[in-house]
Structures are given as structure tokens and as C-alpha cells.
Amino acid sequence: MRVTNIRAYRIPTGGVRPVLVEVVTDEGVSGWGEAAVAYGLGARGAAGMVADYAARVIGADPNYPRHVYHAIYDNSFWTKGGGAIAFAAVSAIDQALWDIKGKAAGVPVYDFFGGRFQDTAPVYANGWNYHCNDATEWAKAAERPLKDGYKMLKSYPLATQQPGRTLTHVQRRSLSADEFKRAIDRIRLLKDVVGDQAELLIDLSGGVNNDQLVRILDVCEELKVSWVEEPLDAFNLAGLKNLAARYKFPIAAGERVYTRNGFKNLLDSGAIDVVMPDVGNCGGVFELVQIAAMAEAYNARMSPHNCASSLCTAATLQVWAACANAMDLEIYPYLPESQGYVQVLKNAPEDRIKNGLLEVGSDPGLGADVDTERLKPYCCYDYLEEAA
């Protein structure tokens, strides 16, 4: 079996822009993956990187995804030390190859790593209050995920909702006096609404200066939040060392970090209790499994970052099941309600969530049934057409 074609799809959907990759073989088995740059900027770049990498993949045997990974990593020059866009493309191709390998063998991807550790994955809800800015309504929006059975909620108290967009984070590392008060009010009011019904996860997106950060972290400790995510910029490893053991809550980070090398640097800071690799930009399936295993050696847990289409959720669920130290998995349960949302799967994992739990399926490959007809209008790259 050999790879004969690669296609990339850029899909504007619900305010985000996932990039899907299809890898086609000469035996009629196709695999799918996702470059996890759905929000922010970078979708065009990731699709472009898929096109650049394609020549390294065409003709390869998809039964050996790691061989292809190294053919790209070792021979593309800029990929070593490259950024999230480069590794998002690598990750999408890697997922697609594992998908093919699983389909050809008739087993789910997690079986290649010793099988699944659990039959159901606890998930946490994100994006449930994106439509709110006012502190009271922002906190009150938590009533919906609580009613739907979620036992863990994540939110961004420093961010601002923009019409027709997702979120704008802190600008120039500083909140105005009003914005700072709003952030504190949001956290306190959210705790009032949620009480002991669910755990609270606070994501600061590495955006704010030290003096405001310390005051926010003090409130988080007072209210016994279950973790604070990205308290500092992803490159500020020295700052993380200064935070180590300073607060009682766990610190989580990693959605903007890629490869084992990047996560080793993060873990070496001594401050990280929960690593958050994204299967769509950390380097792919096996890279995430290795990152999770390395985190075990640092006595840290792993909670996969997941903010893209339902295809990425399917891929994330596979690697989650294969990791011994996995904790709750990130879900955006209400994203399909967004204007212009395009559902890329016929069997979205999100549809199987009940009371904050997601069943781990046993379908072969990534277990994703892609709606290929729906995606056709969004194809932005086809290797065979480019080569013709």
C-alpha cells in the first residue's frame, strides 16, 4: 500500500477555520487528520505547509507513520525548531496515516499503543459563555452546562467577546481598571453560580503582566479552582520556575507547545502539573503518546487540548484512551450552534456525550466517518491536480 494523493481543506465554520487533510492510497483506503489551528491566525499557512510536505509523503507506505514523520522532520530543515504552523501540518498528516493504518488492520488507533485504559472519557465543557461579556451573564451562562451534566467547566475571565469572532485576549499585557474588575467579578460570580456542582478551570492565555497576574492567582487560590492554565506566555519558562509551588492549585499548559523537546523544557520548569498537548499541532499521534509518557516521569498528568472540528475530537479521543495518565478531555459542546457551522463528521463524538462522559468507541482507525461530499467545496489543495 502506498500514498498516492494528499488533499487539504480549509473550512470556515462557526467563527473558526479548521484545516482537514485527506491522505489517499492506491488500495482505496483513505485517512483523515486535522491541523489544529482553527482559531487565531494560521489556517492558510498550515494548508500551505501540507502542500510543502506532500512530496515527502507521496509514495510512502502508510503502515509506517513514524517513518514518514522522520522523513519530514529530518529532511525539511525548518521543521526542526519550527513553529506551531509547521507542526500542525505534520500532525494532520500523521493522524491521517495512523487512521489508514488502523482501517487497514481493522482496529482503532489506540490498539497500536496497547489498547485503551478506559471505556469512557470524562470531558469538560468550554465555550459555554462565549456570547457574554457582562460579568453577571457570563457567570450565569454556567447554568446550561451544569444542567447538561458537565462536572468541570473552563472559562477565560480576561477575554472579551467580539461580534462575529471568538475571543480577543489581553492587549499589550495589561487590563484596564474596568477590565480587571470585570475579570475578578467574573471569577467570583462564577463560583457563586457553580458552588460545589462542578470544578472550575481558569485559562489566562498567558496574557497579563505580573502585578495583575498575582492578584488574579490569589483569587483563584481563595476560590479553590481546579487548575489555572497558561498563567504566563508559552516562552516564559523562567517565569514558570518562579511560580513553582507558590500556589496550591495545579498549573496547566502546553496547547502552544510542540514536540517532546518543547514539553521537556516545559516540564523541566518544575511548575507544570498538567500538560496539554494537542494532537493537531504537537507532532501527531505518537508524539502525543510520548509526551504523556514523559509527563509521567515528572509526576504530571495529561489533559489533551482540543479546540477544532469534531474530527480532531475523534483523533484526540484515540490518544486519550492510550495514555495512562490522562485526565478530563476538552470539549466545546455548543460550538455546532454557531452561525455557519459545518459538521465534518457523520458520527461526531460530541453527539455521544452523556452526563459529562464520552464513550470510547472501537471503530477502526480514528473512528471518524468523514462527510466527504460536504467537504468538497472547501478543498484548497490537491497534490495530483497541482502536479498535473
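Which residues does Gly59 touch, not counting residues up to four places away in sequence? Gly59 touches Arg2 and Val3, where contact means heavy atoms within 4.5 Å. This is a predicted model, in which local features need pLDDT of at least 70 and side-chain atom pairs count only at pLDDT 80 or more, while totals for chains, interfaces and linings use all residues. Residues are numbered from 1 along each chain as its sequence is written, and side-chain values use heavy atoms, with hydrogens and water left out.

**The whole chain**

- The chain has 13 helices and 15 strands; helices (H or I, at least four residues) and strands (E, at least two) are DSSP runs, numbered from the N terminus.
- The radius of gyration of the chain is 20 Å, close to the 21 Å that the globule rule gives for 388 residues, so the chain is as compact as a globular protein of that length. This radius is taken over C-alpha atoms, and the globule rule is 2.2 Å times the number of residues to the power 0.38.
- The C-alpha trace spans about 60 × 40 × 40 Å along the principal axes of the chain.
- Of the 388 residues in the chain, 59% are buried. Buried means under 20% relative accessible area, exposed over 50%, and partly exposed in between (1.4 Å probe, protein chains only).
- Among contacts between residues at least 6 apart in sequence, 73% join residues at least 24 apart.

**Helix H6**

- Helix H6 covers residues 177-194, which is 18 residues. From its first C-alpha to its last, H6 reaches 26 Å, close to the 26 Å expected at 1.5 Å a residue; the expected span is 1.5 Å times one less than the number of residues.
- The buried residues of H6 are Phe180, Arg182, Ala183, Ile184, Arg186, Ile187, Leu190 and Val194.
- An α-helix has 3.6 residues a turn, so residues three or four places apart point the same way.
- The partners that the buried residues of H6 pack against include helix H4 (135-140), strand E5 (152-155) and helix H7 (210-222).
- Just after H6, Gly195 takes a positive phi of about 55°.

- Asp99 lies in helix H3 (residues 84-105) and counts as buried at 1% relative accessibility.
- Leaving aside residues up to four places away in sequence, Asp99 touches Ser30, Gly31, Trp32, Val109, Pro364, Gly365 and Leu366.
- Glu255 is in the loop between strand E10 (251-253) and helix H9 (259-268), and is buried with a relative accessible area of 9%.
- With residues up to four places away in sequence not counted, Glu255 touches Tyr39, Asp203, Glu229, Glu230, Met276, Asn281 and His305.
- Glu255 and Glu386 are 131 residues apart in sequence and 33 Å apart in space, C-alpha to C-alpha.

**Gly59**

- Gly59 lies in the loop between helix H1 (43-57) and helix H2 (65-73).
- At 36% relative accessibility, Gly59 counts as partly exposed.
- Gly59 and Thr13 are 46 residues apart in sequence and 32 Å apart in space, C-alpha to C-alpha.

- Ser205 is not a glycine, yet has a positive phi of about 55°. Ser205 lies in the loop between E8 and H7 and is buried, with a relative accessible area of 12%.
- Thr259 is not a glycine either, and has a positive phi of about 70°. Thr259 is found in helix H9 and counts as buried at 7% relative accessibility.
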